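Student: I'd like to learn how to read salt bridges and a helix in a model. Could you walk me through an example?

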Amino acid sequence: MIRRLIAYAIDWYIMSFFMNVILVISYYFSQGKLVAGFVSIEFFEPSLQILLLMILSIFFILYTCVFPLIWNGQTLGKKIVKIKTYSFRKLSMLSLLIRNFIGMILIEGCFNPLSNYIRMGIMEFVGRNMVEHLVTISMIIGLLSLICMVVTKKKRMLHDIISNTYVDMV
């Protein structure tokens, strides 16, 4: 479990860094100002927010789905700590999409930088109160997922269970 947490922290940092680089570059081209630091997706017009969310989603899918297919079930963080994602069938793009995008982002949605950008983006359309409720729900689901990891035999979180995958040492 500790290795998995360390791998996640490394991957979270890498994704956060590159997603922010994408937003800094986008902010420069849309506003003509160079920003050093975090750029919120709220700084952009709603139509540009949707485009940026699509770009950030593509980056997320590349990092969490395409790279692990190429690297035999590993992201950079998992490579460093020598763990990988396995499937009870064959690890495929579909199982990784279900695991990472649907499971981690849409269902659990509280421990990932893309989830935060999605919530910031939809705040424009549904309001802060609704997003606060979504955060609470995603935190509860995220905690349930962590509990699943502690109590299941193969230490599977919710996103592992719905995608029929598990994480183990190489």
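Predicted model: local features only at pLDDT ≥ 70, side-chain atom pairs only at ≥ 80, totals over all residues.

Student: How many salt bridges does the structure hold?

Tutor: To find them, look for a side-chain nitrogen of Lys or Arg within 4 Å of a carboxyl oxygen of Asp or Glu. Here there are two. Arg-4 pairs with Asp-160 at 2.5 Å, N to O. Arg-4 lies in helix H1 (residues 2-31) and Asp-160 in helix H7 (residues 158-163), so this pair ties together parts 156 residues apart in sequence.

Student: And which residues meet in the other one?

Tutor: Arg-99 and Asp-160, at 2.9 Å, N to O. Arg-99 belongs to helix H4 (residues 93-108), so here the parts tied together are 61 residues apart in sequence. Shared partners join Arg-4, Arg-99 and Asp-160 into one network.

Student: Is Asp-160 buried or exposed?

Tutor: Buried means under 20% relative accessible area. Asp-160 is buried at 0%, Arg-4 counts as buried at 13%, and Arg-99 is buried too.

Student: Now the helix: what should the 25 residues of H2 span?

Tutor: At 1.5 Å a residue, H2 (residues 46-70) should span 36 Å; its end C-alpha atoms lie 35 Å apart, which agrees. Look also for the kink of about 35°, centred on Leu-62.

Student: What do the buried residues of H2 pack against?

Tutor: They pack against H1, helix H3 (76-81), H4 and helix H5 (113-126). Among the buried residues are Leu-52, Phe-59, Phe-60 and Tyr-63. After H2 comes Asn-72, with a positive phi near 55°.

Technical notes
Residues numbered from 1 in each chain as written. Heavy atoms only, no water. Helix = DSSP H or I, 4+ residues; strand = E, 2+ residues; numbered from the N terminus. Buried < 20%, exposed > 50% of the residue type's maximum accessible area, 1.4 Å probe, protein only. Expected span 1.5 Å × (residues − 1). Bend = angle between axes of the 7 residues up to and from the residue. Contact = heavy atoms within 4.5 Å.
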